[in-house]
Amino acid sequence: MMLVVLSLLALVAPTDGLGKRGWQKITGEQRNLTSVSWYPEATAVVLLHRTVITLSDGPGPSKTDVFVRLKILKEEGKSHGTVSIPSSEFLRLKNLDARVVRRDGREVRLPKGAVFKKKYSTYYNFYETTFPMPEVEVGAIVDWRFTLYFDGALRMWEIPLQLDLPTMKREIEFFKPDRFEFKVVFTDPEGNPPEHSVEDVGTGTLAKYVVRNLQPLPNEPFRPAFADLSARVQFVPGAIAFKYAATLEVARSWAGIVARYQRYDYKRFRKEAHAARTLAQKLASELPTSREKAVKLFRFVRDDITSLRSRSVRTARTCREILKDKHGRSIEKALLLQAMLEGVGVSSSLAWTNPRRLGEVNTVVPDLSRIGRVLVVAELEGEPVYLDPYDTNAAFGHLSPDLEGVRCLLLDKEEPTWVNSPQSSPHSSRRTAQIELTLDTDGRVAGHGSLELTGHHAWRRLNWEETADATRNAWREWLAERHPGFAIDELTVEESIDDRRVEVGWKMEQRAEEVLGNETSVTLSAPLGLDLNPFTLDPRKRVTPVHLPFRALQETRVVVSWPTTWEVDVEPSPRRLSNAAGAFATSVTIDPVSRSLTATRHLEVKKREIVRGLAYAELRDLYQTVVDYDAEVLILSRTP
Amino acid sequence: MRLVVAALLVCCAPPLTAATILERKIEIDVRPDEVRRSTLLVVELEHENDLATWDEYKIPLNQNVTLVKCSAAVLDTKGKVREKIPQRRNHRLESTGFGLYTSRWTSVIPFPLLSVGERLRIEYTTLERPYYPASAVPLVLGVRQVELQVQIRYSEARLRWRVGEPDGGFLVKESPGVLEVSGRDLPPYEPPEHAPSYDSAIPLLWLAWDDEGSWANVGMWYDGMAAGAREDNSASSAVAMRLVDGLESPRERLEALVDYVRGDIRYESVGIGTGAFVPTPPAEVIERTWGDCKDMAELLSQMLGAVGIPSRAVLLRAGKDGRIDRKFPSPNQFNHMILAIPADAISVVSDDPVVEGFLFVDPTWDRGTIPWLPSSDRGRDVLLVDGADSRLIYIPDLAINESWTLDVSGTLSDVGDLQGRVRLEVRGAAAIHWIDAFAGGTSSEIEQALALVIGEAVAGSECSGIEWNELSRSVPTVELTADVVVPGIARGKPGRRAIRTGALGLFPEPRTLDDRSLPVVLKAGTRRTRWTVEVPAGWCPVESFDEELENKHGRIAVTIAVDADNRLTLVRDAELRRSRIEPKDLEGLRALATAQSRADKRHIRTRCPETKM
């Protein structure tokens, strides 16, 4: 990562990098290119993608000029001749122009009437402008350019550099007027430095970045968020200087942003918190301990205030309004809970954070777009207790997997403080299945089973469907898929959010038409077995790290008994593997006296985040061992 | 984009979900030139999830359907109006149809934050000037309806109507100039696995006020719509003549012109106003090199005409389930167009898709040759557009063109591990989906996807050296090969072992066919799995068995043979002949599905003869 703070100098306005002066000349190299040596699968390649951001210091809007040059390499790449550009009321699309240069050098311009604009979101007024380019052929070069105008220059710019096509050259230029202070942050998880320069150009500063030969990010299973994987450049607004007034800080630091929110939005919210404090005291009056009071209030805010989806940490509402309307966004529910805790004497702090799937919060770059959830961290018996009143499936003191082990900014400390949210142990997220099956003399298998989910496993299935009946049906379907050939009956489901527990019980009987008569097989890993190893890729080829949802434990115990006229033909061979990624162990015990077999299967996933190389190889081995075992079955046959 | 949804009408609103509709009242006033449709909905929000589902309500509109008036209100739990939403607050969403762009748009009623127990009252009226005098009302939705009332007044017009299948037990009353259809406590449409698409699975009230309902009329209507585009053939003729230069036989000429349209014209769908029905003039399509199904079909038709090969337009309902209601002629039922060429105009070969004397060609697929007609055009009635002779033709499924073949060959070690090669060949539409999915993907992405495909058929397998290629065949075909290791594929004790073999599945799990009133929609096709395994010397003989079941829906057969070198060959064949199986025919499908399930559970066993002492 590299940080560059632009200096505030210069007198002359920048040149328009992609003006109306015609198209860039196609070089001989571009014309002759037929494949990409470092990405041979490419059906099309971006020869040049150039973005020029010009911030305005005057009455006119700021703008982003974009120029893209693409080459079609294969027949399958011709679909890239249809281009879509997103825009909105904030980013207004203008000056769209495009052309195709065919193999023979003939230029075909984008015809009039061939540009189609869709409005696809009413809430944010998002548009998509699409144009199918004419006469696209293999070997053709497609050029297009456009300008996005916008108001309000002082915003955060985060530009991912990787595209969905291989890109030979990616250029970013960023011009800012002198009185704007911006911090530039370049990040490449692979550690490749960009070519870059910063120069004074007239009335401001121009920063240029060039990155070459960018591969698209592979879509590998359990890869981290795109936002964390992509090489990117961020332009972070620090401050704006005024001629006759003090410099106004925009986002120089996290502390500055927090202070602003505390001073305005949150102060206003808390101003009307009296009713919340009174209500809290009333709700918790009978409860003796601070913890019990906190639990009661947490459940009230979680369950009685409907959660509204929004990532914003801003609020224009007040505590009183939330109580009256009975619905609130993450920040509003957190503020309400904090006020109510205060009412019963429990101190707490708000914590800004971001679900892991949406990308890490950077403690150095003050970027509010990377904050998507607000937690409350209460102090109870001298320990911090993390609460998420927004998540209607979260128990007191427990977070969803996506919020575990993520960076949190505690706002209500003397100084905003970074901490990591806690991570639960594998043993707290457990799936335990117990099955008892009996084979009758006709070769039909029947029995019963139970499944208990705790921790994150339970969290995933709590309130699975809208009604109890629908949930039972969903479980029946889930079990039927994992026990093919069996009818699932007498299904019971019990669940508790606060105990983080789901319990399922059922009876099962092999369908009559599935009975083979002289042979039967039982899958001893069901219903928790794995059909496929998601990590089949050779460790040398895996590009991205692995982010598993959470650490967890699985336990299966299956007991099968059979009559005297039947015997075990084949039983699965035991497996045992333990490495840094996890542990897998099975056992099969046959009791010839009672004619029964007991099989146990234990899988523990110890690591949640796995980098490439050896760690990935161990994960792959772990899952392959599991899949190998799970593919084996117990075979019983009628005695000759 | 090859499964084209391109041109004609969409008769149904999308299914609503969750909540309960307490009252749904639709009044349709059919006048000679326009239709006024008023809709009233009263919706009860019963669950927290309903709040997000119903935070807005969308009214589909287009240039010929305008919103005359609209009002909505939120009623609190006591039934009092909490908030009114006047029409001026509606949003507009552009191009809400399929494809790159359409002139369909949606007026969106934005509701404020809602609470469980509240009710929504939505009332709106549209004025329609349909391109074809027909319409349809979905009688069942994805949400429970307590009371449904549909009233059609048609005093100045002659009305044709039909309540489609399945039978929903609706009450129908007809009096002079008025048709009323009503129902109470209608359950939501909750599609089971392998269900038909929504609008062919629910009962629709079909309406038309044309003079006489016939498929010939529909064909003539389409010919009329397309007439303008057919006027000038100079550009297409010039291109066609250039392309067939030196080609003598009609067959070669047909192939050259089909190759041109498939290869040089990119599929893109743009439907603006009548453009949803009227093809773009071929000269324009040639110039811009893109178009939708009717553009490509009309261009091909015009070029064929220029070189002396006649052709007819063919309308059909593309996709997984292309059923139309034969008893209610109307263009509303179609969404795709292909071409039919009189078989006697060219020299057809035995594999060609010829039905009732016509060869069918779909120019929107950019792979395959003339003998291959994609499965999304088969197994359905299509309308041959031929003036007053326009008529429905049924194009049957052809299983052999949509096939998967898996070959696993290798050697068993003494401890029962298999080491060998695997080869998978996929033919038909699935091959094209693979090619599209992998186009431009990284080698690691492709390798992972392919490993999963093999892993599904050969449980516990580990693959390496995976490669895939597109093969040059008349039917689009891809081939995948890899080295494979399957640890512990043979287990047991000497004298008594079991070898686990997997196979490509074709039929659904039998349980999905239980208690079913809707047809089953699958993909017709074949699957062949062949294991060729060298068994270690000294192992006991393999117990061979043959099984076969065949009925009108398909076939499943398993054979095991062992040669003198102790090489075991297991072949499992499965064939599904029809893509749609009606409820009355489910037993035949169930028999095949059960046979597949039983075969999945059976192992190859080695047994030494008992030695008597």
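Me: Is B:Asp29 buried or exposed in this model?
Reply: Bear in mind that the model is predicted. B:Asp29 sits in strand S1 of chain B, which covers residues 20–30. Its relative accessible area comes out at 15%. Buried means under 20%, so with that 15% B:Asp29 counts as buried.

Me: Which side chain makes a polar contact with the side chain of B:Asp29?
Reply: Leaving out residues up to four places away in sequence, B:Asp29 touches B:Glu34, B:Val35, B:Arg36 and B:Arg153. The polar contact, side chain to side chain at 3.0 Å, is with B:Arg31.

Me: What separates the C-alpha atoms of B:Asp29 and B:Glu268?
Reply: Along the chain, B:Asp29 and B:Glu268 are 239 residues apart.

Me: Over in chain A, what is the orientation of H3(A) and H7(A) to each other?
Reply: H3 of chain A takes in residues 254–271 and H7 of chain A residues 330–343. Their axes come within 10 Å and cross at roughly 50°. H3(A) and H7(A) are therefore oblique to each other.

Me: And what is the handedness of that crossing, where H3(A) passes H7(A)?
Reply: Two packed helices are described by the angle between their axes and the distance between the axes. As for the handedness where H3(A) passes H7(A), the crossing is right-handed.

Me: How many nonpolar residues are in the contact of H3(A) with H7(A)?
Reply: H3(A) brings A:Tyr266, A:Phe269 and A:Arg270, while H7(A) brings A:Ile331, A:Glu332, A:Leu335, A:Leu336 and A:Gln338. By class, one residue is polar and two are charged, and the nonpolar ones number five.

Key. Residues numbered from 1 in each chain as written. Chains lettered and ligands numbered in written order. Predicted model: local features only at pLDDT ≥ 70, side-chain atom pairs only at ≥ 80, totals over all residues. Heavy atoms only, no water. Axes fitted to C-alpha atoms, helices over the stretch in contact; angles between N-to-C directions. Helix = DSSP H or I, 4+ residues; strand = E, 2+ residues; numbered from the N terminus. Parallel < 35°, antiparallel > 145°, perpendicular 65-115°, else oblique. Left-handed = near helix turned anticlockwise from the far one by under 90°. Contact = heavy atoms within 4.5 Å. Nonpolar A, V, L, I, M, F, W, Y, C, P; charged D, E, K, R; others polar. Buried < 20%, exposed > 50% of the residue type's maximum accessible area, 1.4 Å probe, protein only. Polar contact = N/O pair within 3.5 Å; in protein donor to acceptor, adjacent residues only side chain to side chain.
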